[in-house]
Structures are given as C-alpha cells and as structure tokens.
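Please read it alongside the sequence and the coordinates displayed below.

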Amino acid sequence: MRDRNAIISRRGLLTGLASAGGVLLSGCTQTEPPTYGNVLRMGDLFTYRAQRLLLPARSLAREYSRADITSIQAIGTTNPSDPEQAGSQRSAEVYDRLRRAEFADWRLRVEGSVARPASFSLADLMRLPARTQITKHTCEEGWSAIAEWTGVPLRQVLTACGLRPSARFVNFFTFDESSDSIDMFDALHPQTLLAYGMNGRELPIAHGAPLRLRVERQLGYKSLKFLSHIVVTDHFFDPGKLGPLQAGWAWYIGI
Ligand SMILES: Nc1nc2c(c(=O)[nH]1)N[C@H]1C(S)=C(S)[C@@H](COP(=O)(O)O)O[C@H]1N2
Ligand SMILES: [Mo]
C-alpha cells in the first residue's frame, strides 16, 4: 500500500510539473503559483511539492528558550505611515489614524471561503486561545535572529470563521500594500501565528503592529507585518505587483 501510494504520488508530481506551463497557457483557474515561464520558479514548484509529500504533516520548527533570544533588527517597512515607505498616500493616512488611536479602531477582516466572514478587534483576537513561541527568524538577506512571539494561531481564527472544505489558500494584505499567501498546510500549522506580542511586550510598530504573521517553516519575508485583512480562497490568487512572484521571489520558500 505504501509503495503504491509512493508511485501514484510520484507520478502526480511529475505530470503535475509538466502541466505547470499548461496552466499558464490555458489561463484556467490556478491551483498553484504561476511561474511566469521562469525555469527557476518551476524548480520552486518542485521543491514545494516534494516538501509537502515528504515532510511529516505537523513537523514543528525548533523552539528555543528565553536565554536564546537575540536582538532583532526591523527590516523592510518599519512604519507604514512614513510617506517614504508607504504603499500609497491613502494607506499611509489610514495606518497613521489607526496608530494614533493605539489601534483601538483597527479590525482584522476575514472573508472569502469561510461560512462566517468576520471582523476581529485586537481584544477579540486576544480572547481566542493564545500561543507563545521562541523561534528563529531567517531572512533571505542572510541574517537570522531569535525572538519570542505571542499571538493567536491562525487556525483558531479560521476555525472561528467556519473554514469551508474547498478552501486551499489564505491570502494576507498589509498596510504597506503588500500581499502574499500560504497554503492550508502552513495556515493550519500549530506554529503559524497572528502575533500581537513580541518578547513579552506588545508588538512594536517597526516589527508589524498591531498584528503580523509568523510562518515559522518559511523564510522571513513570508511573515507579513502590518496585517489589514485576510481572504481565504479555493484557488491560488496572484496579487500581481503586491506579491513576491512578480519581483522574482519564490512563493514557497520552506526551511
Ligand atoms: N508588510 C511587510 N511585511 C514584511 C516586510 C515588509 O517590508 N512589509 N519585510 C519582510 C522581511 S524581508 C523580513 S526579513 C521580516 C522582517 O521582520 P522584522 O522587521 O520584525 O525583523 O518581515 C517581513 N515582512
Ligand atoms: Mo527578509
């Protein structure tokens, strides 16, 4: 039985890879990230499928102790209300208003392929079961740092909203106008957090206040800061220039 599964899976993997270009050409609904015909991106798809086949379903990223915590620099956008860093003037103003009110008016909208779309205040999120984890953040630029993150596991929020069985991807949108997505494997992973706390304090602005994503099994750029809303989709959604793919970054960058 095991062998039979292995053979079927491997064939699925190979035919799947061969059809990746076909999906692009036919323009039919995407179930995986597009490669834009880039050979390296086709390799990403292979890595993604191989990791999903081979890794035990719930393999956890290593967790550390308080003594291991290091200093962590803030990278990329550190303040979305700064006109120099903002996605647009409008998003800078929106974020600035929320920040001045200490995020009392901020809500996380969760919509798409869920039975009960909802808006969560920070207090709402803090009422859900929380998780604290000390993990290593690894940036694609070649540095890493260990920090403690506190938040609500994404799966708790998705469950509260009644995730539909057809749901395959969770898409995130931020106040600095970027967007990225993860698959259900990462979305339901016990260490995937919507973090509102860092090193025992509230999440600083520079590190993504009021809420950031932590995806511990992928490189740092998947852990989006400054979350504004979440959309669950049944198919892969390409956010165009807001996302990593068009800039040449891998959609899946497992570690
Ligand atoms: N919204 C948003 N999220 C982001 C970024 C960003 O510029 N904007 N930078 C990413 C990158 S490349 C890294 S390494 C981490 C940095 O997180 P830190 O500032 O808390 O160290 O955030 C990621 N999430
Ligand atoms: Mo990064």
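## Strand E7 and its burial

The model is a predicted one. Strand E7 comprises residues 193-198. Six of its six residues are buried, so the strand is largely enclosed by the rest of the structure. Buried here denotes a relative accessible area under 20%.

## Pairing partners of E7

Strands of a sheet pair through backbone hydrogen bonds, in either a parallel or an antiparallel manner. Strand E4, residues 144-153, runs antiparallel to E7 and is joined to it by five bridges. Within this pairing, Trp149 has Met198 of E7 as its bridge partner. Strand E9, residues 212-214, also pairs with E7 in the antiparallel sense, over three bridges.

Glu202 in E8 is the bridge partner of Gly197. E7 and E8 form a hairpin with two residues between the strands, and in this hairpin Asn199 adopts a positive phi near 50°.

## The open five-stranded sheet

An open sheet contains five strands in the order E2-E1-E10-E5-E6, and its pairing is mixed. Its edges are strand E2 (118-120) and strand E6 (179-183), each of which pairs on one side only. From one strand to the next, the twist averages 20°.

One of the bridge pairs consists of Leu108 and Phe120, the latter in E2.

Which residues come nearest to ligand 1? Of the 22 residues around the ligand, these are Gln73, Asp176, His207, Arg212 and Lys225.

A polar side-chain atom of Asp176 is placed 2.7 Å from a nitrogen atom of ligand 1. For Arg212, an N or O atom of the side chain is 2.6 Å from an oxygen atom of the ligand. Lys225 likewise has a polar side-chain atom 2.6 Å from an oxygen atom of ligand 1. Taken alone, ligand 1 exposes 530 Å², of which the protein buries 92%.

Conventions. Residues numbered from 1 in each chain as written. Chains lettered and ligands numbered in written order. Predicted model: local features only at pLDDT ≥ 70, side-chain atom pairs only at ≥ 80, totals over all residues. Heavy atoms only, no water. Buried < 20%, exposed > 50% of the residue type's maximum accessible area, 1.4 Å probe, protein only. Helix = DSSP H or I, 4+ residues; strand = E, 2+ residues; numbered from the N terminus. Pairing = 2+ DSSP bridges. Axes fitted to C-alpha atoms, helices over the stretch in contact; angles between N-to-C directions. Near = heavy atom within 4 Å. Polar contact = N/O pair within 3.5 Å; in protein donor to acceptor, adjacent residues only side chain to side chain. Areas by Shrake-Rupley, 256 points an atom, 1.4 Å probe, with all protein chains shown as cover.
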